[in-house]
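Subject: Structure handover

Hello,

Here is the structure I said I would pass on. My notes on it follow below.

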Amino acid sequence: MDKLKIRNRLAKDKALKWGVCLLAALTAIPLFAILGEVFWRGYDQLSWSFLTEPTPTAYKAMKAIEAGEPIPGGIANGIIGTMLMLGMAAVVAVPIGILCGAFLAENPKNRFAQTVSYLTDLLQGTPSVIIGIVVYIWVVVPMKGYSAIAGSVALFVMMLPLIIRSTEETLKILPASLKEAGLALGGNRARVMLKVQLPAAFGGIFTGILLAISRVIGETAPLMFTALGCSFIRFAVDKPISAVPLLIWEFFNDPNLQELIWGASLFLLLFVLTLNLTAKYLAKRWNQ
Amino acid sequence: MNDKLYNILLFVAALIMPVVCGGVVYALVTDAYEAFEHFGFFKFLTSSEWSYTEGSEQYGALPFITGTLMTTLLALIFCIPFSLPVALFVGEYFKGTRIAAILSTVTDLLAGIPSIIYGLWGFYTLRPLIMALNISPQGSGILTASLVLAIMIVPYAASLSAEFIKMVPNDLKEGAYSLGATRAEVIRKVVFPVAGSGIFSSYILAIGRALGETMTVTMLIGNTNNIPDSITSTGNSMASIIANQFGEADDLRLSSLIAIGLILFMITAFINMIGKIMIKRARIA
């Protein structure tokens, strides 16, 4: 009887272990399924001209399909739009985010800092589509039109909390002796922050910036209400502009352009995953 | 730069958060006001009409609130049987090993895939599968959207739960082992009770993510403005109705969409706040 009971318990133990392993392994399947599908359907579209030419019109694409040729053109307008808006957003979000993160790390007990910390969580959890609505109200309505500026404001708002958090956390895990040594040598707090703490935290902050970029680069919904999209290459910041995720959305909705979905998706996916893996690698090296 | 100036500089930079968050709330409230004034707050929440025929416009948020709650709840149900094993795998069974690191990299990468690509995959792979299995004739709907949503929130729930499972003190587990417990019993009687509130809070935060997910749901839910009557029927979530109609809307419809945005904002803010508070408590305990 006892023996049976023990056998039963051991069997349960084994069952749980194998169940956990099996289900955990199953979780990896979607990643490979998605990567596989995007690679498989997209790799033959990626070419130099795909990356350097703007999107074709639906008419041109239709002609090419009728003639049985590959659709001409590519996603250069989206790549340039994405880079332009990301650049503008990052130029503002990185310094402000670092300063704000430094504020949180320097005043952990302060009432105001706790409020700021709470608001950072709030903003980070806000669905991106709502950021899109808000920036539409903030920027698109007063400017009487969609623009690259509006798009970059939306990306800025999404990047900001991510950079603040990573800066704060990196600064907080630096040994206190580092700051104390700097102060003991006669540096004031600004100097110690600039010459000792920030350089020591550089790896963590840089990783945070990379992750923030990879997080917002694929955002579609907020750009639909702010940057809108544009079918040719453009550098004007006060006019509608395209972005890679916006192009994917356009291709998805236009039966004539559906062939282009996978090349654009592969490009976006490669970009995001490379950024992600680089960030992870840097974080690991920096931790050692 | 002296300390005083330095403090002021940091303080001014930190003011950006109250300004941005205040701006978000102000913009949403002022622009949603028209809809709430026209229909009444509770009427707007409980009405299931969504018609934009000129003259007899009628907007209510109930179908979309229902759609959001259904997709989120289903996604949570589908997510648990996978995220919990991943958390146990990484945080208990293979804690600190190479294979655990590989699995967490895999889930991290899953978290990094943009939602529009999840939507494409759902549309071109999962939807035909659902049609082939005769689950629903049109393929898209609440169920399809929830399945993909579940995959998207697994990484969030799993990585945070794993963190709490890892923190369970070894001496507690060793105590149970020395009494003759098997590993399964240790997990059930020691790990879950100790890490339980942390694991629970990680699911709350996963819900917070699922609530506002936009593109995936928009591409898969079928986009009909009625209250879904079963899990295979089509519908719209709060985020997806905004994504679908915001660009073409004006006046009262625009205000109604912004009102839905405000409601969604309040729900996610509330859920995230609860999750964060619980996590803080679980970390201290």
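Helices here (H or I, at least four residues) and strands (E, at least two) are DSSP runs, numbered from the N terminus. α9(B) bends by about 60° at B:Gly196, the bend being the angle between axes fitted to the seven residues ending there and the seven starting there.

Before the rest, some conventions. This is a predicted model, in which local features need pLDDT of at least 70 and side-chain atom pairs count only at pLDDT 80 or more, while totals for chains, interfaces and linings use all residues. Residues are numbered from 1 along each chain as its sequence is written, and chains are lettered from A and ligands numbered from 1 in the order in which they are written.

Chain A has 12 helices and zero strands. Its radius of gyration is 24 Å, well over the 19 Å that the globule rule gives for 288 residues, so chain A is more spread out than a compact globule. That radius is taken over C-alpha atoms, and the rule is 2.2 Å times the number of residues to the power 0.38. Along the principal axes, the C-alpha atoms of chain A fill a box of roughly 75 × 70 × 35 Å. Of the 288 residues in chain A, 51% are buried (20 or more other C-beta atoms within 10 Å of the residue's own, with C-beta atoms placed from the backbone).

The contact between the chains takes 64 residues from chain A and 63 residues from chain B, two residues being in contact if their C-beta atoms, placed from the backbone, lie within 7 Å. On the chain A side, α1(A) gives the most, with 20 residues. That side divides into 43 nonpolar, 12 polar and nine charged residues. Ala, Val, Leu, Ile, Met, Phe, Trp, Tyr, Cys and Pro count as nonpolar, Asp, Glu, Lys and Arg as charged, and the others, Gly among them, as polar.

One residue in chain B is worth a look. B:Ile151 lies in helix α7 (residues 142-166) of chain B and is buried, with 25 other C-beta atoms within 10 Å. Leaving aside neighbours within four places in sequence, B:Ile151 is in contact with A:Pro30 and B:Leu110.

Regards

Terms used:
A residue is buried if 20 or more other C-beta atoms lie within 10 Å of its own, exposed if 12 or fewer, and partly exposed in between; C-beta atoms are placed from the backbone.
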